[in-house]
Amino acid sequence: MRVEVSAPALPVAAPAGDDRGVPAVEVVRLTRTFAGTGTAVPALVDVSFTVAPGEFVSVVGPSGCGKSTLLHLICGLLRPSQGEVRIFGTPAGRVQPGRIGYVFQRDALLPWKTALDNVALPLLLRGTPPARARQTARAWMHRVGLAGFEHHYPSQLSGGMRKRVALAMTMVYHPALILMDEPFAALDVQTRNLMENELLALWAQTASTILFVTHDLEEAIALADRVVVLTRRPGRVKAIYTVDLPRPRDVTEVRGSEAFVATYRRIWADLRDEVLAAHGHA
Amino acid sequence: MDTRRRRTLLPLARLTVVGTFLAAWEAGVRAGAIDPFYVSAPSAILVRAATWVVTGDILGHVAATLGVTLTGLAVGVLLGAATGGAVAASPAVARVVLPFLAVGNALPRVILYPLLVLWLGVGAAPRIVLVITLVFFTAAFNTHAAVRAVDRDVVHTARVLGARRLQLLWHVYVPAVAVWLLATVRVTMGFALAGAIVGEYVGAARGVGVVVAFAQSMFNARDVMAGLTVLLTMIWVMDAGLRAVERAAARWRLVEVS
Amino acid sequence: MTHARRQGLATAGAQAAAVLTVLAAWEGAVRAGRLSQEFVSRPGAVAAEIWRWIATGELWPHLGATVSAALAGLVLGLGLGAALGLLLALVPLLADLCEPALATLNATPRIVFYPVLALWLGLGIASKIALVVTIVAFVGLFTVLEAVRAVDRTVVAQVRVLGASSAAMLRHVYLPATLVWIAAGLRTSLGFAFVGAILGEYMASMRGLGYLIIGAQHLFQPARVMAGLVVAMALVWALDAGLATLDARWSAWRQEPRHEG
C-alpha cells in the first residue's frame, strides 16, 4: 500500500494516471479572516490543494479548524480574504449554480414541501416543466430507496430517510461537483454506515466529483481517494494522504482490512496532534 | 456597522424618526396643509394634557379608571388563582371543570358589557365585573398549569421530610404559583385596562375614557388626542411599575427574570 | 368501550347535565316568581326572541352588517399586516427602527383608538372596519415577522446554493413559510375581528348585532340583550370551529419530526 505525504502549502499534483485537464477544484493560497469586535479572527490561512474531476476527497481536522468555512468558500457562499478558488477553471463566485451541489449537516429540506417536491425543486428552479421535474424526481426517489414516500412531509420521515431525500435533491440535477459538510454526523452509527455505502453507489453511477468534510477519520478513509488533513484553527493544510484501497468498497468490511488500519494509523498520528492542540494540550 | 456603534446609534435613529414625525405634523398644521379639525396639532395636544394635569381636572378621571382596573385585576386574579388551584388539586374536578373554563376563555367576554350595565347600572360596578371576567380565566388556567407543573419529586421529597399539608402549600406550591402570578398579571394588565376603557366608551360616568368619548361626540380632536395621550401615559407607567415589581421580586428570588 | 372512552362520555354527560340543570333552574325560578323576568329574563324568552328574529327576518340585515365589518377588516388587516411584516423581515434596518414602536402599539389595546377613528371616518361601517384593521394588522405583522425569521437558515442557504433568484426564494421559501402561520393567526384574529366590529357598534351605529344589543340595553330589554349576545357568541364559536378543522388539515407538515435513525 502506498502512502504519500505532500509538503504543506504547496499545490498537490493530481494522482498518478489522472490527466483529465482542468481540475474540478483548485484552491490556491486560500485565506479567510472574519472580522470580530476589534480583532480579526483568521479561520483559514494559506490553504492550497487540487481535486481532480471524478475524485472523492475527504477533508478532516479538529473542530473549529474551518472545514465548513472551506466549503462555503468553494461554493461561493463566502468570498476569500486572500487567494483564489477555481471550479473547473471558473472563479468560485462566478460559477453557474447548476454545477455545484451542497449537502448540509443539518436538515435543509423545505419542511412545507413533500419529499417529492423537495427533490423536484432544483429542476423547477432551472426552468424544467413541473411535470417532467416531478417525473425525474420520482425516479431519483426510487433510486435512493424511497419509492412510496413521495407525498410524505420531512417531519413524517426518519433522519436517515431525510438524508436520502437530501442526497436525491442534490444529485437530481447532476452537479459536477458535490460538497458535503458532515452530512451523516447527526445519524446513528448503523444508519450512517448504510448511507455511506449508498453514497458510494450513487457516486459510482454519477461520476461527480465529491469533496467530503468530516471529523470522523474512519469515514474519511473508507469513502475517499485522498484525505486532506487540516490543522487546528487557523486551518492550514497539514498533509494530504492518498488512500489506496480497492473499489468498489463496502464501508463496514473495508474497515477491517490491514491496509485500512495501516492508513488509519498513519493519518491519525498527524490528526491527533492537532486535536490535542485544539483542546489545549501540548 | 459593528455592534457597539449600533447600540448607541439605533435608539438615536428611532428618536429621530419619532421627532421628525411630530415636527412634520406640527409644521403641516401651521402651514395649513393638515386640517387641525381632524388631528389637532402636537403643541395644542400637549398643552391641553398639561393643563388638565396641572389644574387637576383629569386626576379624578384617572383615579376612576385606575380604580376600576386595579380592583378588577386584583379580584379576578385572586379568584382565578383560587379556582385554578382548587381544580388542580383534584383530577376528577379538573376533568369536569376545565372544559367549561376553556369555553369561557374562548368566548369574547368584553361584549357582555351591556348586559352588565343592564344589571348593575352605570357606576363602577359593571366595569369592575367586566375586568374580572376578562382576567379570571387566564389566571385560572395559569395557576392550574403552575400547580400541575410543580415537580412531583420536589413534593415527594418534602413529604418524606415530614412536611404537612399547610407547610407543603407555603413552601412549595405558593412560591411556584407566585412566579406564574406575576407573569399572569403582566399579561392580563392590558386586558384589564382595555376592559375598563371599553366600559367608559360605551357608557360610564367617570373615567379617562369618558373624557375621550365625550370629546369625540363634540368633534373635539384636540381633547380626544389629549385624552389618549393621558391613557397611553397611564399604560406606560403601569407597565414600568410592573417591571419594577418584577425586578424587586427577582432580588428576593421569587421570580426568574427573563 | 374502552375505559378512557367511557370516562370521556361520563364527563361529557356530567357537563351537559350541569348546563341543563342551570338552565332549568333559571327557567323554573323565574316562572315560580323567585327571580324577576324583567330583570334577568329566562332561557325560554331568550330563545323565543332569537326565533322571532329569524322568523321575521329582522336578524339578517344586522347580522350581515356585523359580519361584513368583521370580515372586511379581517382581510384588509391581515393583508396589510402581512405585507408590512414581510417588508420588515426582509429589510432588517427598517425592522430595527420600527420594532420597539410597533411593540408598544401592539401592547396597547387598540380599542382605545376608536374615538379617533370615529372622528375621522364617521359613525358608519368605515370606522368599524378601520378598528378591526388596527387590531388585526398587528397580529398579521408579528406573525409574518416571526414566520420569516423562523425559517431555518440552513434551508435558506440550501435553496440559495441551488441557484434560486430572489423571486424564487419568495415563492418557494418565504411565502409558504408565512402562509401556515397566517392560517394560525387567522383563528386568533377572527375573534378579535368580531369583538372589534361589535364594540364599534356599541359605541355608535345604526345597524349590526352590537346595535341590537346596545339598543336593547337602553330600553331595558334583557331578553333581547341576551339573545344578541347568544347569536354573537354562537357565530364566533362556529366560525372558529370551522377554521380549526381547516387549520388541522393545512398544517400536516408541522408534526413533530421523528427522531430515530
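**Figure 1. Leu230(A) stands opposite Val237(A), a residue of strand E10(A).** This is a predicted model, like everything in the views that follow. Here we're looking at the place where strand E9 (residues 226-230) of chain A meets E10(A). The two strands run antiparallel, and 5 bridges join them. As a bit of background, strands of a sheet pair through backbone hydrogen bonds, either parallel or antiparallel.

**Figure 2. Step back, and chain A shows an open sheet of 6 strands.** Follow the strands across and you'll read the order E6-E7-E8-E3-E9-E10 (chain A), with mixed pairing. Which strands sit at the edges? They are strand E6 (100-103) and strand E10 (237-242) of chain A, and each of them pairs on one side only. From one strand to the next, the twist averages 15°. A helix joins the picture too: helix H1 (residues 67-75) of chain A packs on this sheet. H1 of chain A touches strand E3 (56-60), E6, strand E7 (177-181), strand E8 (209-213) and E9 of chain A. Compare directions, and H1 of chain A makes about 155° with E7(A).

**Figure 3. In chain B, helix H8 (residues 152-160) crosses H9(B).** Their axes come within 11 Å, and the crossing angle is roughly 145°. Is this crossing left-handed or right-handed? For H8(B) and H9(B), it's right-handed. On the H8(B) side, look for Val154(B), Val155(B) and Ala158(B). On the H9(B) side, the contact uses Leu168(B), His171(B) and Val172(B). Sort the residues of this contact by class and you get 5 nonpolar, 1 polar and no charged.

**Figure 4. Chain B meets chain C, with 35 residues of chain B in contact with 35 residues of chain C.** Several helices of chain B give two or more residues to the side that touches chain C, among them helix H1 (3-30), helix H5 (91-106) and helix H11 (221-251). Which helix gives the most? That's H9(B), with 7 residues on the side of chain B that touches chain C. By class, this side of chain B has 31 nonpolar, 2 polar and 2 charged residues.

**Figure 5. Chain C also touches chain A, in a contact that takes 23 residues from chain C and 27 residues from chain A.** On the chain C side, helix H8 (153-161) and helix H9 (166-203) each supply at least two residues. H9(C) brings the largest share of that side, 6 residues. The residues on the side of chain C that touches chain A divide into 13 nonpolar, 6 polar and 4 charged.

Key: Residues are numbered from 1 along each chain as its sequence is written. Chains are lettered from A and ligands numbered from 1 in the order in which they are written. This is a predicted model: local features need pLDDT of at least 70, side-chain atom pairs count only at pLDDT 80 or more; totals for chains, interfaces and linings use all residues. Two residues are in contact if their C-beta atoms, placed from the backbone, lie within 7 Å. Helices (H or I, at least four residues) and strands (E, at least two) are DSSP runs, numbered from the N terminus. Ala, Val, Leu, Ile, Met, Phe, Trp, Tyr, Cys and Pro count as nonpolar, Asp, Glu, Lys and Arg as charged, and the others, Gly among them, as polar. Axes are lines fitted to C-alpha atoms, for helices over the stretch in contact, and angles run from 0 to 180 degrees between N-to-C directions. A crossing is left-handed if the near helix is turned anticlockwise from the far one by less than a right angle, and right-handed if clockwise. Two strands pair if DSSP finds at least two bridges between them.
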